[in-house]
Amino acid sequence: MSQMKPEKPLHHHHSRLLTRWPHHSNPYSPFSKLLFWSFCALSLFLAFFLLTPNSPSPNLHSTGDPTQNPSLRRSLRTTNWGGPAWEKKVRSSCRVRRSPNGLTVLVTGAAGFVGSHLSATLRRRGDGVLGLDSFNDYYDPTLKRARQAFLEKAGVFVVEGDINDAALLKKLFDVVPFTHVAHLAAQAGVRYALQNPGSYVRSNVAGLVSILEAAKSANPQPAIVWASSSSVYGLNSRVPFSESDRTDRPASLYAATKKAGEEIAHVYNHIYGLSITGLRFFTVYGPWGRPDMAYFFFTKDILKGKPITVFEGHGSAHTVARDFTYIDDVVRGCVAALDTAGKSTGSGGKKRGPAPLRVYNLGNTTPVPVSELVNILEKLLKVKAVRKVVKMPRNGDVPYTHANISLAERDLGYKPVTDLQTGLKRFVKWYLDFYSVKKEAVKEHGGLATE
């Protein structure tokens with residue numbers, strides 16, 4: 001799965017089904033909690049309309065990291081679609097090549113990190129797969145275009161469009177009777193919310209509602225597997241994090257939108273009979289990863305000889321630790337969730353019976369201090385990092401994550417097998433190849449600018 005490499009290197013310039021979400025014991029009734037989170041979701045919608053500026057978005061790629069410029073907005077563009085030739089591509093991409101029990105899956109965020117790996121894996125085993133992605137500018141879109149090029153060679157057509165485009169979604173569901181939707185499109189990252197909160201509400205709340213609206217109105221209704229996040233555990237101090245733990249104290253707006261998504265999923269399951277599975281990812285890393293993740297920009301800065309910032313937890317001598325989970329392990333969990341999803345019970349928006357509603361942690365179960373991650377990168381790159389150790393700012397990040405995966409092991413057969421040393425070795429090999437970095441130059445000069 002991790003060998004997603006085009007024929008010629010691309011340069012950067014060019015089960016037992018649960019019927020409800022697990023609940024912890026607390027003094028509030030289920031109705032009160034549902035009312036509370038419904039109010040939160042409504043507040044997020046209002047925040048989006050009040051906080052999002054009306055001016056068009058600048059090109060983030062031309063100015064570097066969007067988190068450094070508060071005036072930048074994440075762009076969501078919809079290009080032209082439709083017509084006989086377009087529909088032919090859609091149907092061809094969705095043609096199932098294995099039987100019996102082949103799936104037909106709409107993957108949103110297909111040009112993203114997890115979405116591209118999942119799409120390629122499903123197509124490789126013979127499932128019908130159609131991608132959908134907005135190719136927004138949150139990070140360098142040339143990386144997304146490179147993933148798209150690989151997927152096209154694998155037989156996956158990626159439609160360029162916005163998940164909030166109701167007409168486009170209706171057209172896709174009219175053309176293809178999807179059996180499943182893997183909804184991975186989202187505004188990622190914790191710190192960017194300090195500059196652009198509206199983008200999180202638009203993508204993670206309104207976007208999820210758009211997908212669920214299209215799915216509940218479809219006939220037949222597909223089963224939904226979607227990306228929640230380990231961030232929903234927020235200020236929870238009980239470790240390892242279990243699905244039955246409290247998730248009502250988010251530490252960031254990103255976490256709040258993902259928690260709101262879980263409550264919204266409950267509503268659509270309850271009213272419309274949609275089969276919905278939420279997957280709480282724990283710090284996914286690997287080849288073709290996201291440039292805004294620490295392991296990715298650490299690699300870039302170490303090669304350039306630039307200082308890297310390593311956060312230290314408050315009141316602790318240890319750096320921040322994460323349950324780093326390799327992409328191949330996460331994809332196997334996603335595939336298992338699709339295969340065991342169970343059927344939706346509605347038809348044309350009308351519920352005919354109860355449907356599965358599930359949530360699972362997908363982690364590695366072995367938290368590693370970020371300082372150790374840097375140690376591994378130094379050895380792999382043969383370059384000494386210039387470290388700047390600082391206290392973690394109050395920006396929504398949490399100091400520690402640790403997944404309890406016993407539920408996913410039981411229901412999905414999920415078992416991560418890749419340790420951080422092995423996973424980073426594969427990532428570094430991909431990075432050096434993709435960005436055409438010469439290993440000899442790195443070794444000789446002790447650092448190399450890749451731009």
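1. In this predicted model, Thr 365 is found in the loop between β13 (357-362) and β14 (368-369). Although Thr 365 is not a glycine, its phi is positive, at about 70°. Its relative accessible area is 32%, and Thr 365 is therefore classed as partly exposed.

2. A positive phi, near 65°, also occurs at Trp 288, again a residue other than glycine. Trp 288 is placed in the loop between β7 (284-285) and α9 (294-304). With a relative accessible area of 0%, Trp 288 is buried. Trp 288 also belongs to an aromatic cluster, discussed under point 7.

3. One joins Ser 99 and Pro 100, with omega about -5°; Pro 100 lies in the loop between α3 (84-93) and β1 (104-108). The other runs from Asn 219 to Pro 220, with omega near 10°, and Pro 220 is located in the loop between α7 and β5.

4. Strand β5 (residues 223-227) is mostly covered, five of its five residues being buried. In a regular strand the side chains alternate between the two faces of the sheet. In β5, Ala 223, Val 225 and Ala 227 point one way, while Ile 224 and Trp 226 point the other way.

5. Which strands pair with β5, and in what sense? Strand β4 (residues 180-183) runs parallel to β5 and is joined to it by four bridges, with His 180 standing opposite Ala 223. Strand β6 (residues 276-281) also pairs with β5 in the parallel sense, over four bridges; here Ile 276 is the bridge partner of Ile 224.

6. In soluble globular proteins, nonpolar side chains tend to be buried together. The largest nonpolar core of the model has 86 residues, of which Val 114, Leu 118, Phe 281, Tyr 295, Leu 373 and Trp 430 touch the most other members. Leaving aside residues up to four places away in sequence, Val 114 touches Leu 184, Phe 281, Val 284, Ile 327, Val 330 and Cys 334. A second, separate core comprises 35 residues, among them Trp 86, Ala 218, Ile 264 and Ile 276.

7. A search of the whole structure finds 29 aromatic pairs. Tyr 138 and Tyr 139 form one that is edge-to-face, at 6.2 Å centre to centre and 65° between the planes. Tyr 138 has a relative accessible area of 8% and so counts as buried; Tyr 139, at 10%, is likewise buried. Trp 430 and Tyr 435 form another edge-to-face pair, at 6.2 Å centre to centre with 80° between the planes. Trp 430 is buried at a relative accessible area of 7%, and Tyr 435 is buried at 10%. Both residues belong to one aromatic cluster, whose members also include Tyr 285, Trp 288, Tyr 295, Phe 296 and Phe 324.

8. The charged end of Lys 144 sits over the ring of Tyr 139, 4.6 Å from its centre. Arg 145 lies over the face of Phe 135, at 3.7 Å from the ring centre. Tyr 139 thus takes part in the edge-to-face pair with Tyr 138 and also receives the charged end of Lys 144 over its ring.

Methods
Residues numbered from 1 in each chain as written. Heavy atoms only, no water. Buried < 20%, exposed > 50% of the residue type's maximum accessible area, 1.4 Å probe, protein only. Helix = DSSP H or I, 4+ residues; strand = E, 2+ residues; numbered from the N terminus. Pairing = 2+ DSSP bridges. Core = buried A, V, L, I, M, F, W, Y, C linked by side-chain atoms within 4.5 Å. Contact = heavy atoms within 4.5 Å. Phe/Tyr/Trp six-rings, centres within 6.5 Å; stacked < 30°, edge-to-face > 60°. Lys NZ or Arg CZ within 6 Å of the ring centre and 35° of its normal.
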